Amino acid sequence: MYIRNLSLRDFRSWEHAELELSPGRTVFLGSNGNGKTNLLEAIGYLATLGSHRVAADAPLIRLGAERARIGASVVNTGRELRIDIEINQGTANRAQINRSPARRPREILGILQTVLFAPEDLALVRGDPGERRRFMDELCTARLPRLAAVRADYDRVLRQRSALLKSAGRQARSKSDLSTLDVWDGHLATHASVLLAQRLRLVYDLYPFLAQAYRSIAPESRPAAIGYRSGYLPPEFLDPAREPQPDDAEALEAIVLRELAAARTKELERGVCLVGPHRDELDLMLGDAPAKGFASHGESWSFALALRLGAFELLRSTGAEPVLLLDDVFAELDRRRRTALAEVAAGAEQVLITAAVPEDVPAELVATPLRVETIGEADRRISRIAEPAADTA
């Protein structure tokens with residue numbers, strides 16, 4: 001899989017860009033603030049419908065513009081598809097596939113697969129559980145694009161059920177309130193069971209790739225492992241040696257329904273939903289200790305890198321090799337980690353790299369250089385591709 005063409009209009013610092021890309025390695029060179037990362041962020045948005053830097057869409061639209069547009073021609077096993085997304089201020093985003101409108105933006109998911117490694121990934125190890133839940137769900141959706149609809153339905157039901165819990169908890173609980181809760185319990189359990197089954201399958205499948213990636217990066221360190229943490233699932237479902245089964249979703253739905261019933265009194269008292277995948281966690285372990293709080297700075301970097309490399313190898317094992325995006329990471333890594341990442345990048349079909357100077361890119365990664373610069377006033381600077389830079393080989 002590779003991107004043949006990338007188009008931007010009013011995205012971040014880019015007023016307009018039209019880039020022709022090819023398989024192999026391309027490095028975007030430029031000083032900090034010139035807009036290099038914005039290019040990778042745009043590509044990542046096409047793959048996930050989200051940014052790795054901000055939670056909302058509004059900052060993605062160039063100052064003074066009403067909307068931003070991102071488009072790419074994606075080649076996968078000889079077949080080319082064009083995907084475009086329009087990010088709007090205050091109205092729903094719109095997408096196109098081969099220039100034809102899609103009913104929903106999430107219909108483009110799965111056409112482009114990417115794995116992005118950026119300095120922000122340190123939050124996968126040191127950040128809050130939401131970072132790790134997002135990592136799981138984006139990787140699950142890359143493997144099974146229809147899961148995006150399940151995630152959206154789950155979030156919608158969770159919001160509505162939470163609002164009902166708050167209102168029912170503030171006033172005398174009527175039979176009508178409780179019967180309505182029964183209905184929402186059923187909806188929540190249905191969507192939760194599918195999401196849980198996919199997360200458990202992901203953790204089981206990712207574990208060996210993660211462990212091997214970490215060994216290659218930090219062979220002298222304690223072994224790395226991952227697991228799924230949940231306060232309501234039975235221990236047998238959380239056993240890392242248990243292979244998920246095709247009928248797990250049905251069993252998980254029954255478990256969630258049972259646990260929702262058991263937690264109802266507490267939920268009404270607190271006005272929050274206490275059961276569901278929104279409260280779960282991806283455990284990261286080094287030996288017998290959790291990585292968060294116990295890993296050194298170097299071990300945390302190694303674990304974050306191993307998670308991304310493991311994700312890349314997992315997606316690659318299914319036959320559709322993702323585009324590898326490396327955002328200013330080589331300058332952050334020591335020699336061993338740079339070498340491990342460079343070895344993976346050298347064998348990838350397409351790698352897009354950002355770096356401040358050519359020396360930040362390992363010598364073994366011969367790359368096509370594109371220099372990024374900015375023009376204009378300080379508060380309205382526009383990014384553009386400059387004249388070809390010197391070869392980084």
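Q: Is Glu-243 buried, exposed or partly exposed?
A: Glu-243 is partly exposed, with a relative accessible area of 41%. Buried here means under 20%, exposed over 50% and partly exposed in between (1.4 Å probe, protein chains only). This is a predicted model, where local features need pLDDT of at least 70 and side-chain atom pairs 80 or more, while totals for chains, interfaces and linings use all residues. Residues are numbered from 1 along each chain as its sequence is written, and side-chain values use heavy atoms, leaving out hydrogens and water.

Q: Which residue does Glu-243 form a salt bridge with?
A: Arg-201, with the closest N and O atoms 3.9 Å apart. Glu-243 sits in the loop between α6 and α7 (248-270) and Arg-201 in helix α5, 42 residues apart. Arg-201 is partly exposed as well, at 23%. A salt bridge is a side-chain nitrogen of Lys or Arg within 4 Å of a carboxyl oxygen of Asp or Glu. Helices (H or I, at least four residues) and strands (E, at least two) are DSSP runs, numbered from the N terminus.

Q: How many salt bridges are in the whole structure?
A: The search finds 35.

Q: OK, over to Glu-20: what does it pair with?
A: Arg-4, at 3.4 Å between the closest N and O atoms. Glu-20 is in strand β2 (14-20) and Arg-4 in strand β1 (2-11), so the pair ties together parts 16 residues apart in sequence. Glu-20 is exposed at 53%, whereas Arg-4 is partly exposed at 30%.

Q: And which residues are linked in a network of salt bridges?
A: Glu-66, Arg-67, Arg-69, Glu-86 and Arg-94. Within that group, Arg-67 and Glu-86 meet at 3.9 Å, N to O. Glu-86 counts as buried at 11%, while Arg-67 is partly exposed at 28%.
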